[in-house]
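Good morning, and thank you for coming.

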Amino acid sequence: MALFSSDNFSINSIIGSGSAIHGDVKINGIMHIDGDLDGNLETTGNVIVGENARIRGNITAKSITVGGIVQGNITALESVKLLSSSAVIGDIQTHKLQADKDVILHGHCIALSDNDLFEEAISVWQNKKAIASKSIL
């Protein structure tokens, strides 16, 4: 599976299959997850979420490839790739989105390559969310 053609493929951190972490994780470099993470993940590099991985928390990274389940928001400065085995329940914000067939996505997605349009769309969405959170049902 070719993920990122221009990046160094040295993986800095791994959460292996059968492992579980509860709490926020902040690292530099590439993170590969095959286990469970119950917390937010923030990295300056790329994130690879394996097919058997389950994440309940927000992910912020340069690029993110999802093969497993993410229940939380995804923010990627460059790109997000959703593999056919992935399920995302949350919002996605990125400049480039690629989704294979049979992906499950339940949330709001902003994927614009033009930075000005991207920033404007983020601002509008955040304002709508703020207003909706204050409304009485």
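Let us begin with the sheet: 6 strands form an open sheet with parallel pairing, in the order β2-β5-β8-β10-β12-β14. Strands here are DSSP runs of E with at least two residues, numbered from the N terminus, and two strands pair if DSSP finds at least two bridges between them. The edge strands, β2 (20-22) and β14 (104-106), each pair on one side only.

Please note that this is a predicted model, in which local features need pLDDT of at least 70 and side-chain atom pairs count only at pLDDT 80 or more, while totals for chains, interfaces and linings use all residues. Residues are numbered from 1 along each chain as its sequence is written, and side-chain values use heavy atoms, leaving out hydrogens and water.

Within the sheet, β8 (residues 54-56) and β10 (residues 69-71) are joined in the parallel sense over 3 bridges. R56 stands opposite Q71 in β10.

Finally, where is T43? T43 belongs to strand β6 (residues 41-43). T43 is buried, with a relative accessible area of 7%; buried means under 20%. The side chain of T43 reaches the backbone oxygen of G29 at 2.6 Å, and a polar atom of that side chain lies 3.1 Å from the backbone nitrogen of G45.

Conventions:
Helix = DSSP H or I, 4+ residues; strand = E, 2+ residues; numbered from the N terminus. Buried < 20%, exposed > 50% of the residue type's maximum accessible area, 1.4 Å probe, protein only. Polar contact = N/O pair within 3.5 Å; in protein donor to acceptor, adjacent residues only side chain to side chain.
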